[in-house]
Amino acid sequence: MKAFANDSIFDPMSMPFHKSVEKITDSTCLQKLLIPFYDRKRTVSVDEIVRLEGSGNYTNFFLKDGTKMLVSRTLKEYETLLDGQAFVRVHKSCIVNLGFVRKFFVKKEGELELTDGQQVKISRRRAQMFMDRIREFQPVALS
């Protein structure tokens, strides 16, 4: 029984978060995330992510090709991982990629329209931070 318990089959199950989700920079300087999705890991380029929505201990990734991925990690963990990128947390349960913002509606409560047609509310607390970030945002031109 001791030999079986020491077997390396248990190592992947006890992998800490920072090793199960990785930020990768390749030779073209595009950043990618290695995301645990079902029984494997999927590499997703950061510029493909339209928005992330949190739901308890889970995060939904919405990609520009229409793919939706549910990952068993919190939105807070991805917020710290994507810090300094083109991502802004606009609501308690939503982070958006500034490169996919089509319109910003100013009303009592702010609202965004993204290029995929979805509308996202901006909380009053985070509205000023969003305005500051969108003003300084320079989209990256790919050649």
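Two strands are taken to pair if DSSP finds at least two bridges between them. The legends below describe close-up views of a predicted model.

**View A. Strands β4 and β5 are joined as an antiparallel pair.** Strand β4 comprises residues 49-55 and strand β5 residues 58-63. Six bridges join the two strands. Within this pairing, Ser 55 stands opposite Tyr 58 of β5.

**View B. Five strands form an open sheet with antiparallel pairing.** The order of the strands across the sheet is β6-β5-β4-β8-β7. Strands β6 (68-71) and β7 (87-91) stand at the edges and have a single partner strand each, so one side of each is left without a neighbour in the sheet. On average, neighbouring strands of this sheet are turned by 20 degrees against each other, direction ignored.

**View C. The largest nonpolar core contains 17 residues.** Leu 33, Ile 35, Ile 49, Leu 52 and Phe 61 are the residues with the most contacts inside this core. At least two of the core residues are supplied by each of β2 (31-37), β4, β5, β6 and α3 (75-81). Another core, of 13 residues, lies apart from it and includes Phe 100, Leu 112, Leu 114 and Phe 130. In soluble globular proteins, nonpolar side chains tend to be buried together.

**View D. Arg 89 is a buried residue of strand β7.** The relative accessibility of Arg 89 is 13%, and the residue counts as buried because this value is under 20%. The side chain of Arg 89 reaches two backbone oxygens, that of Lys 92 at 2.5 Å and that of His 91 at 3.4 Å. Leaving aside residues up to four places away in sequence, Arg 89 touches Leu 75, Lys 76, Glu 79, Cys 94, Ile 95, Arg 126 and Met 129.

View E. A polar atom of the Arg 133 side chain lies 3.4 Å from the backbone oxygen of Phe 87. When residues up to four places away in sequence are not counted, Arg 133 touches Gln 85, Ala 86, Phe 87, Val 88 and Leu 98.

Notes: Residues are numbered from 1 along each chain as its sequence is written. This is a predicted model: local features need pLDDT of at least 70, side-chain atom pairs count only at pLDDT 80 or more; totals for chains, interfaces and linings use all residues. Side-chain values use heavy atoms; hydrogens and water are left out. Helices (H or I, at least four residues) and strands (E, at least two) are DSSP runs, numbered from the N terminus. Axes are lines fitted to C-alpha atoms, for helices over the stretch in contact, and angles run from 0 to 180 degrees between N-to-C directions. Contact means heavy atoms within 4.5 Å. A polar contact is a pair of N or O atoms within 3.5 Å; within protein, one must be able to donate a hydrogen and the other to accept it, and residues adjacent in sequence count only if both atoms are side-chain atoms. A nonpolar core is a set of buried Ala, Val, Leu, Ile, Met, Phe, Trp, Tyr and Cys residues joined through side-chain atoms within 4.5 Å. Buried means under 20% relative accessible area, exposed over 50%, partly exposed in between (1.4 Å probe, protein chains only).
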